[in-house]
Amino acid sequence: MADLVNLTINGRAIQTPAGTLVIDAAKKAGIEIPAFCYYEGYSLQAACRMCLVEVEKMPKLQAACTLPAGEGMVVRTESEPVVKTRKSMLEFLLANHPLDCPVCDKGGECELQDMSFRYGVGESRFTEMKHHVDEKQWSPVVFYDGPRCILCYRCVRVCNEGMGVSALGVINRGEQSLITPNFEDHLECDECGMCIDICPVGALTSGTYRYRTRPWEMKHTGTICAFCSDGCKTTLGTRGHEIIRGNNRDRSGINGEFLCMKGRYAFDFIEHPERLTSPLMKVNGKLEPVSWAKALEAVARKFTEVKTRGGRFGIAASTKTTNEENYYLQKFARQGLGTNNIDHHRSGDVVALIDALNGRADALATMQDVYTMTASLVIASDLAQEHPLIAFQLRANNRHHQSNTYTVTKGPVREDKYAAASIRCEEGGELEAVAGLREQLSKEKELLVIFGGAIKGEAVGKLVAFGDSLGIPVKYICLVDYSNSRGAMDMGLLPDLGPGYEPVDQPGMTLPGMMAASDLDVLWVVGSNPLARYELASPGAFVVVQEMFLTETAARADIVLPASAAYEKAGTLTNVTGECQKLHAAGRTMGAKPDLEILGLIAREMGLNLGIWSSSNVFEEIRKSVRGYNIPLPIIATGQAAQTNPVKGGVPLRPRPDLIQPAGNTLFTSGSLGRYSKKLTSVIEYPGQLYRP
Amino acid sequence: MLFNDPSPLEVKILTRRLGLPNSASIETNLANGGYKSFEKALEMTQDQIIQEVKDSNLRGRGGAGFPTGMKWGFVPRQSPKPKYIVVNADESEPGTCKDRVLIENDPHLLIEGCLIAAQAVGAKAGYIYVRGEYRYLIGILDKAIGEAYARGYLGKNILGRGVDFDLYTHTGAGAYECGEESALLESLEGKRGQPRIRPPFPAVAGLYQCPTVLNNVETYCAVPSIIEMGGKAWAALGIPKAGGTKLTCLTGHVNRTGVYELPLGFPVEKMINEVGGGIRGGKKMKAFIPGGSSCPVLTGEEAWPLTMDYDSMAKAGTMLGSGGVIIMDEDTDMVKAALRIMHFYAHESCGWCIPCREGTAWLKKLLTRLNEGVGTAKDVDLVGDLADNMLGKTFCPLGDAAALPTASIVRKFRHEFEAKLARAQAAVPGMANNPFAIV
Amino acid sequence: MTFSPELEAKLEKLMNSYPPGRKKSALIPMLMFTQDEVGSITQELVEEVARRIGIPTVQVDEVVTYYSMLHRKPMGKHHIQVCTNISCLLWNGDELYEHAREKLGIGHKEVTADGMFSLEEVECMGACSWAPAIQVNYDFHHHVTKEKLDQIIDSLRKLR
Ligand SMILES: Cc1cc2nc3c(=O)[nH]c(=O)nc-3n(C[C@H](O)[C@H](O)[C@H](O)COP(=O)(O)O)c2cc1C
Ligand code: SF4
Ligand code: FES
């Protein structure tokens, strides 16, 4: 702990660790020192001069954003010279700033507006011509309005330091200075929109939101991103039923202010024109819209018939449906239909990790660990592409705590830029490469091992054994690909393991097994698209599909039931680090129903009693019965993440590394969901460009 | 080549070899005492060298006048990082043209100064940052550096004494702000010439974040004679608290403009009348700037009784600055002068901080208007007000440099602004009584 | 992009002037020297310099647009720079500049149709004691009068 120093700010005695910046010390004491360029977590600029304060014994006003608190310092933040200076800084800022607040996207959330309101003067003495440059579009999602820019360099820093992309720069000098994209007139970057989010004014605006509404006309719903498994919190702004904006306005949750392109913009899939809004039934070989009642009745009849005659079911479950839906679905399969033929697309060998950890409850890392652990080893994953939040946290950790990162990957990755060591190796050679790092790794205080889908089956056990042999505390993250990939396993969407990795008596068929079987009577597909990867071998299988779009699988279905998107329902998701968070409905699509409701209705139609199909009820059941899910309700209820811990003493394994198939998504692709986001598909530049020297 | 005839009143210490045939060559230099001080310094400890410089009362000649010995003393003795010598040859303060004279005529003097500084702090490499416009000086310096390498004054194991020092030239590309030391370092690292947050100062974290001695050309050039004469004797050339001689650039309305080496404390009157041959055309002096356009302007009456040194100028509310004396006679249009000065700062503001970026641009627009006689008395107040709002609040001293002359001109020559407005408005019928006269 | 052997030699020396891992330091001199040969900072040159130094092009753009002697557009074969800053102004540098404008028929940062001359009103270039001063490319001319300026331009024109 650093030494404490005593200072007074506005007459109040304050004690703070030596080295704390005066602006932060004041903030902790509840004294606001206004600032534009200062932004916690990023490098210091001292450029806006809003934070100038009076310090006794110092000849000039001092920038509180760069002044470390010193013993005996006497600071005044509201004295006459300070207030006058603040007013004059705002006057300078507004000189060339267009006064287009009535149409500016930022109106109502603009820091310059707020500051002018609090500290500014009503009258303008600037009567000269304003300096003007035209607005520019830099990418499908990023627009830049030069005159509005106050040159606080937040965007440049968040792109450089936060994202590690360095796509933004500053050109010209003096009054002509402007922010510039990396390729003359356009951006080639992650399109994460972090620059837009961090811009205090309306200089950077987003292609999805600009000029569409005002912040106060929207309803803001905090929910969880539907794409990758990192589980970022996103606040969706809706007007009516339409989602207009995604950001993480309140900076809460595991991702703080971070969101990638998908979390920020790709919500638009939910209003894609091809969205299914009515159940479809095959009539004379063609799918025709029918009523929910008719469709449900047909499904139930078929299921009951097949069940009664002891026919074969195959159930392909989803990596994106909620824990409640997953739990209910496997219960439906096992109790309702009497089958263990249930599986999903597995992208990481979580099962092998749970087995290898053999009951060690402290070895599963959280997202916070990624930011705080002193060293990490990344194996077989391009995090910046596949796990943007983990990559962001790792960079922040390195920046703020000088943590060490080691990479063992096939190709170059963004982490190489700051890595303590980087090793390239072909798939299969990872463990050997990792062994080569033994000496360096064993000198670390602790280690976080993050491994991708290429480490599977026995390799996972070997990796854990290697970790054990280092003699330091080691934690693990087994990477999986989709928003509830982890929850799918935890909830037992597996032919051999039930919820909480409990073995079942008679293991059922795996997903490829079902697809290859020639005698399947029913293929029930919930929120997945197996026909995109497999042929269906049973010609006579009756196919029921719960989907948002007419995917390859849905097109082959006998009955299609339109499902709600993650942004349209309640429930919980478990992210890649096992953290469980709550979804809240932001939008609604008429005609579609949440999968849980569909499951419940089919069950009712079949006369099965599987319990009430409300998400809170099912969640209660999960908390009571699924290992590791007895999580505190208040955490979940208040929008925070609760870590689940399903480890147990070994899982009787039938190792099937062949079933682990990472999707290899990039920042701009995400299985079938991604195809239906216009924003994602409009961003054609491949960010891999940035990796080239 | 000499640029102007010397004056008999000069005390030629730094410039003593100027005017000798082939003065830039190492032969001429060595034949006239060159590198002797460096050889002497090789016999001295680091502390001894720094002590001599402290004794000399040498204050930085780049404009800020910081005591050089003290600055060298800030460089950590022990450092795991390499240390660097950086020469500020950016010479871009309007009114200043002295470093150029030194480099062009006696480049080896600068090299020798760098060598001694390197000895004093334990630096192994140095860079001479030359403003882009002085391209021809790079040729002269590179040639001199080559000669010094050939004679064993630079490179490895210098003069067989186990000392290493490499010296390189580096060109700027046109930016006044790169004269500011931290912006210079940024530029030397291949970036935009934007100043850094200080502290840390270059002595602790300078080039590549390593300990760095950064001084003006003239400062380094003074060092050999300090070592040669001894610090105390050198100090005695000047006045108490300000040792030695200073290269003074006489510019503007004097008969004999030029660069002259004068002892500190030299009377202004004698400088203008005797060294400079009096005001051009026998006119009266209206305004006087002692050290580059960044200094507050004095009226003629204020300036005449002063002496050219740090304290005397500070007492009169201005600064000795870089030695670029700007003299304006009674016919000078002070509004136009204020505009031209602000035109410069607006052009050169790096744009980093709000008050400088916006303030200079606004003032330039405002002064342009006032220079054309468009405006009201309120606008004249606004000029002073805006300058005031910049003063002491900007990220680096460029903002002050813009504000100080402007504020002083408005304060001291306000009547000229008003006269201009009145003249212009009288020329337009009905304008004088028009309440909406602000165009 | 390849440059003349002399320039390549110069660039190599330049690259060796900085400590290991500090190649970026060569950026500004490299832009200056290559601009002298290429005539302006073309997009191709930006990319070449970025490649040689190993930095993204945006970092080159940042620098190019910052320094006033780096030009995106080609200037004339003889780039005439007239200082009108305070010390030169006091010796009628502004009138000299006006004269140059009339004589060449071009304005600030413009180029004559034949590409021979370009004109720029510049800030103080360190010739204050010998005002008014101009620079033609890198050559200084001191105490310039209108007549002297005419002579300079005329003789350069003859030079072709
Ligand atoms: C805007 C600005 C421009 C400056 N320009 C120069 C310059 O051209 N040459 C110079 O030697 N110092 C210049 N300085 C002063 C330097 O920052 C620094 O104080 C000086 O180089 C230190 O050397 P010295 O102690 O030998 O004077 C400038 C300062 C500022 C704020
Ligand atoms: S665009 Fe926004 S964030 Fe970037 S410098 Fe301008 S005001 Fe700051
Ligand atoms: S917050 Fe301190 S200068 Fe901007």
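In this predicted model, a backbone N or O atom of E181(B) lies 3.0 Å from an oxygen atom of ligand 1. At G179(B), a polar backbone atom is found 3.3 Å from a nitrogen atom of ligand 1. On its own, ligand 1 has 610 Å² of accessible area, and the protein covers 91% of this area.

The shell around ligand 1 may now be considered as a whole. It is made up of 20 residues, and the closest of them are G62(B), N88(B), N215(B), N216(B) and T219(B). Which strand of chain B gives the most to this shell? It is strand β5, residues 212-216, which supplies three residues. When the shell is sorted by class, eight residues are polar, seven are charged and five are nonpolar.

The next topic is how the chains meet, beginning with chain B and chain C. Their contact draws on 61 residues from chain B and 45 residues from chain C. About 4,200 Å² is buried between these two chains, and carbon and sulfur atoms give 57% of that area. How many salt bridges are counted between chain B and chain C? The count is three. A salt bridge joins R340(B) to E123(C), where the closest N and O atoms are 3.0 Å apart. Side chains of opposite charge can pair in this manner when their charged atoms come close. Between chain B and chain C there are also 30 residue pairs in polar contact, counting pairs with both residues at pLDDT 80 or more. On the side of chain B that touches chain C, helix α14 (residues 334-348) gives the most, with eight residues. That side of chain B comprises 26 nonpolar, 21 polar and 14 charged residues.

Chain C also meets chain A. Here ten residues of chain C are in contact with eleven residues of chain A. The area buried between chain C and chain A is about 830 Å², and carbon and sulfur atoms give 50% of it. Zero salt bridges are counted between chain C and chain A, while three residue pairs are in polar contact across this interface, with both residues at pLDDT 80 or more. Helix α4 of chain C, residues 57-64, gives the most to the side of chain C that touches chain A, with four residues. By class, this side of chain C has three nonpolar, four polar and three charged residues.

Finally, salt bridges may be considered over the structure as a whole. Over all chains, the structure holds 83 salt bridges. One of these lies within chain A, where the side chains of K27(A) and E40(A) meet with an N to O distance of 3.9 Å. K27(A) belongs to helix α1 (residues 22-28) of chain A, whereas E40(A) lies in the loop between α1 and β3 (52-55) of chain A, so the pair ties together parts that are 13 residues apart in sequence.

Key:
Residues are numbered from 1 along each chain as its sequence is written. Chains are lettered from A and ligands numbered from 1 in the order in which they are written. This is a predicted model: local features need pLDDT of at least 70, side-chain atom pairs count only at pLDDT 80 or more; totals for chains, interfaces and linings use all residues. Side-chain values use heavy atoms; hydrogens and water are left out. A residue is near a molecule or strand if one of its heavy atoms lies within 4 Å of it. A polar contact is a pair of N or O atoms within 3.5 Å; within protein, one must be able to donate a hydrogen and the other to accept it, and residues adjacent in sequence count only if both atoms are side-chain atoms. Accessible areas come from the Shrake-Rupley method with a 1.4 Å probe; for residues, only the protein chains shown count as cover. Helices (H or I, at least four residues) and strands (E, at least two) are DSSP runs, numbered from the N terminus. Ala, Val, Leu, Ile, Met, Phe, Trp, Tyr, Cys and Pro count as nonpolar, Asp, Glu, Lys and Arg as charged, and the others, Gly among them, as polar. Contact means heavy atoms within 4.5 Å. Buried area is the accessible area (1.4 Å probe) that two parts lose on being put together, summed over both. A salt bridge is a side-chain nitrogen of Lys or Arg within 4 Å of a carboxyl oxygen of Asp or Glu.
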